[in-house]
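Let's walk through this structure together, one region after another. Please keep the sequence and the 3D view open as you read.

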Amino acid sequence: MTDLPAPTSPAAPSAAPSQVRFEVETTVPTTHGTFRMRAYADTVTGADHVAVVASGPDGSPPSDGALVRVHSECLTGETFGSLKCECGPQLDAALEAIRDHGGVVVYLRGHEGRGIGLVAKLRAYRLQEDGLDTLDANLALGLPADAREYGAAADVLRDLGLSSIRLLSNNPEKRRQLEAHGIEVVETVPLVVGVGAFNEGYLDTKRDRMGHELPGHLGTGA
Ligand SMILES: [Zn+2]
């Protein structure tokens with residue numbers, strides 16, 4: 001035993017500095033239930049992220065294997081009720097799932113329009129009026145199909161003591177990125193809600209061109 005400080009060891013993945021800084025935790029009642037909300041500052045992007053945390057039916061806080069939704073901010077879908085995507089209904093369903101089963105919704109800001117930002121997203125919508133799909137519209141603007149990054153989400157989960165999760169998602173890329181950032185995904189739980197006439201083509205593109213795990217036919221009422 002020694003009182004000397006431990007030597008700096010070669011960087012192990014788990015010893016990497018966190019991308020997020022915990023700021024505050026408070027209780028917020030919502031129309032979906034009462035949750036603990038934990039705010040984080042992203043030290044890389046400057047964005048604020050929120051972890052919405054629900055205890056399980058037995059009152060215990062989320063632990064390894066907990067149900068987790070890693071959700072990207074979507075102003076148009078969540079605030080204005082846009083029918084061009086399914087983000088609003090997905091967020092509602094995710095909050096209801098963690099309310100009922102316990103778990104976490106990690107809400108990532110700076111992810112508007114799959115990470116290209118609000119103005120670029122509306123520019124892409126404008127191109128979609130001319131017939132481009134959601135993927136080609138981004139590419140026509142010289143932007144990546146998906147610019148989202150999940151290092152912050154992984155660090156938020158680690159801060160909550162979670163190293164393995166059940167992921168509420170249809171997006172295999174999200175799973176791959178979380179695993180690359182050291183979070184084990186023991187199961188992917190599909191989240192197919194909010195399908196309608198205005199976003200059927202959008203969801204078909206996500207399935208056929210971006211690898212999302214969605215049913216073959218997404219017609220309304222299916
Ligand atoms: Zn959306």
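**Helix H8 and its surroundings**

The buried residues of H8 pack against H3 and helix H5 (134-140). In helix H8 (residues 200-210) these buried residues are Tyr202, Leu203, Thr205, Lys206, Arg207 and Met210. Here buried means under 20% relative accessible area, exposed over 50%, and partly exposed in between, with a 1.4 Å probe and protein chains only. Helices (H or I, at least four residues) and strands (E, at least two) are DSSP runs, numbered from the N terminus. Just after H8, Gly211 takes a positive phi of about 80°.

A word on the source: this is a predicted model, in which local features need pLDDT of at least 70 and side-chain atom pairs count only at pLDDT 80 or more, while totals for chains, interfaces and linings use all residues. Residues are numbered from 1 along each chain as its sequence is written, and side-chain values use heavy atoms, with hydrogens and water left out.

Back in helix H3 (residues 112-115) you will find Arg114. Its phi is near 55°, a positive value in a residue other than glycine. Most residues other than glycine have a negative phi. Arg114 counts as buried, at 10% relative accessibility.

Now turn to the zinc ion. Which residues are its protein donors? They are Cys74, Cys85 and Cys87, each through SG, at 2.1 to 2.2 Å from the ion. Donors are N, O and S atoms within 2.8 Å of the metal (3.2 Å for Na, K and Ca); water is not among the atoms, so sites may look incomplete. In sequence the spacing of the donor residues is C-x10-C-x1-C. Cys74 lies in the loop between strand E4 (66-72) and helix H1 (75-78) and Cys87 in helix H2 (residues 87-101), so this pair ties together parts that are 13 residues apart in sequence. Cys74 counts as buried at 4% relative accessibility, and Cys87 counts as buried at 14%.

Of its 22 residues, Val70, Val106, Ile165 and Leu178 touch the most other members. Two or more residues each come from E3, E4, strand E5 (103-108), helix H6 (151-159) and strand E6 (164-168), and H6 gives the largest share, 5 residues. Apart from this core lies another, of 14 residues, among them Ala54, Tyr107, Leu168 and Val189. Leaving aside neighbours within four places in sequence, Leu178 is in contact (heavy atoms within 4.5 Å) with Val70, Tyr150, Ala153, Ala154, Ile165, Leu167 and Ile183.

Strand E2 is our last stop. Gly33 is found in this strand and is buried, with a relative accessible area of 19%. With neighbours within four places in sequence set aside, Gly33 is in contact with Val28 and Arg99. Gly33 and Glu96 are 63 residues apart in sequence, yet 7.7 Å apart in space, C-alpha to C-alpha. E2 also gives the most to the lining of the second largest pocket, with 4 residues. By class, that lining has 7 nonpolar, 3 polar and 4 charged residues; Ala, Val, Leu, Ile, Met, Phe, Trp, Tyr, Cys and Pro count as nonpolar, Asp, Glu, Lys and Arg as charged, and the others, Gly among them, as polar.

Note on methods. A nonpolar core is a set of buried Ala, Val, Leu, Ile, Met, Phe, Trp, Tyr and Cys residues joined through side-chain atoms within 4.5 Å.
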